[in-house]
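Let's walk through this structure together, one region at a time. Keep the model open beside you and find each residue as it comes up.

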Amino acid sequence: MDNERAKKGTCIFCGRAGNLSKQHVFPDRLKNIIPRDTDYTWQQPVMYWNAGGKLVTSPERLKRINGHLGSRKYRIVCKPCNEGWMNRVEHPALDILEPLILGENRILRVDDLERVSAFCGIFFSMLDRDHLPTSAIGQAERSYIYEHRQLPENWCVLIGRHQSPKWHFRFHHIGAVGSREINIPPPKSPNVQICTVGIGQLILHAMSAQGWQPLPSAQRRAAWANSFGMALIHPDPYEIDWANMPVLPTDHIERCASAVAQRSFAKGFEGGATFKP
């Protein structure tokens with residue numbers, strides 16, 4: 001069955017057919033610093049859309065999924081991508097992130113953050129495929145990541161620190177439809193994804209949009225990130241002294257993704273980025 005599926009599938013990055021391999025959603029080497037101490041995880045997909053000018057949410061039933069989150073694998077990338085450029089992007093980025101995961105301080109230079117943001121393109125694209133009805137990262141975006149080894153301009157990625165046991169190994173993904181129309185029915189094809197991930201003492205937050213403008217203008221991005229207690233690493237990264245980053249409390253992390261969605265869909269942002277393939 002697996003061999004037959006591998007022949008029929010196509011790689012989500014390069015688009016080649018067949019020769020798919022199983023790729024860990026969370027890099028496998030994280031097991032060396034984050035013990036896989038549970039044999040299950042919980043999943044509750046959430047959809048957002050605009051109805052009557054108000055943000056409406058539609059969470060699905062909470063499901064228990066067997067297996068530790070760190071052991072989850074998907075057969076959606078081809079072997080040449082998995083063992084080639086993805087591997088070359090992933091390991092230098094994890095060399096930078098692992099001290100932060102363990103709560104250690106360091107200076108993050110701009111070139112460090114560019115490596116991390118390239119890894120985030122792979123990582124969040126994999127997470128976005130966890131639940132296909134709320135998947136919102138398009139093929140044009142993944143092709144851009146494949147061709148350029150960097151994120152397109154319609155993405156924002158933030159980084160922060162925390163010490164919440166609840167977010168020690170967890171992610172929260174939202175699929176949404178951004179539209180200037182109101183009173184639209186529950187959508188089937190999201191064009192906005194908002195995802196927050198906790199690994200050890202590290203928080204990563206990514207947002208991307210297709211054909212919609214929920215992202216802040218270039219002049220406002222850094223202040224926008226700071227308003228959530230995090231720092232911007234894409235686009236327009238700047239040097240970060242990790243020792244000066246605030247430690248985010250659990251309730252703040254819980255509100256973060258919803259707050260981003262509320263701000264974005266309530267008013268939108270002037271001069272926001274949209275991605276055109």
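Which residues line the largest cavity? They are Gln23, His24, Val25, Phe26, Pro27, Glu90, Phe119, Ile122 and Phe123. Before going further, a word on what you are looking at: this is a predicted model, in which local features need pLDDT of at least 70 and side-chain atom pairs count only at pLDDT 80 or more, while totals for chains, interfaces and linings use all residues. Residues are numbered from 1 along each chain as its sequence is written, and side-chain values use heavy atoms, with hydrogens and water left out.

Back to that cavity. On a 1 Å grid over the protein atoms alone, a cavity is a set of points where a 1.4 Å probe fits but cannot get out, and lining residues have an atom within 4 Å of a point. A search of the whole structure finds 1 cavity of 30 Å³ or more, and the largest cavity holds about 30 Å³ of space; a volume here is the space filled by probe spheres set on the points, which are joined across faces, edges and corners. Strand 1 and helix 4 are the elements that give two or more residues to its lining, with helix 4 supplying the largest share, 3 residues. Helices (H or I, at least four residues) and strands (E, at least two) are DSSP runs, numbered from the N terminus.

Rings of Phe, Tyr and Trp (its six-membered ring) pair if their centres lie within 6.5 Å; planes under 30 degrees apart are stacked, over 60 edge-to-face and the rest tilted. The count comes to 7 aromatic pairs. In one of them, Phe26 and Phe123 sit edge-to-face, 5.1 Å centre to centre with 75° between the planes. Phe26 lies in the loop between strand 1 (20–24) and strand 2 (40–43) and Phe123 in helix 4, so this pair ties together parts that are 97 residues apart in sequence. Phe123 also pairs with Phe119, this time stacked, at 5.4 Å and 10°. Phe119 and Phe123 are 4 residues apart in helix 4, so about one helical turn separates them. Phe119 has 4% relative accessibility and counts as buried, and Phe123 is buried at 1%. Phe26, Phe119, Phe123, Phe124, Phe169 and Phe171 form one aromatic cluster.

What about the cysteines? A disulfide is a pair of cysteine sulfur atoms within 2.5 Å, and the structure holds 0 disulfides. Cys11 is in none, with the nearest cysteine sulfur, that of Cys14, 3.7 Å away. Cys11 is buried, at 2% relative accessibility. For Cys78, the closest cysteine sulfur is in Cys81, at 3.6 Å, too far for a bond. Cys78 is buried too, with a relative accessible area of 1%.

Definitions and conventions
Buried < 20%, exposed > 50% of the residue type's maximum accessible area, 1.4 Å probe, protein only. 1 Å grid on protein atoms, 1.4 Å probe; cavity = no way out; pocket = protein on both sides within 12 Å on 5 of 7 lines; lining within 4 Å.
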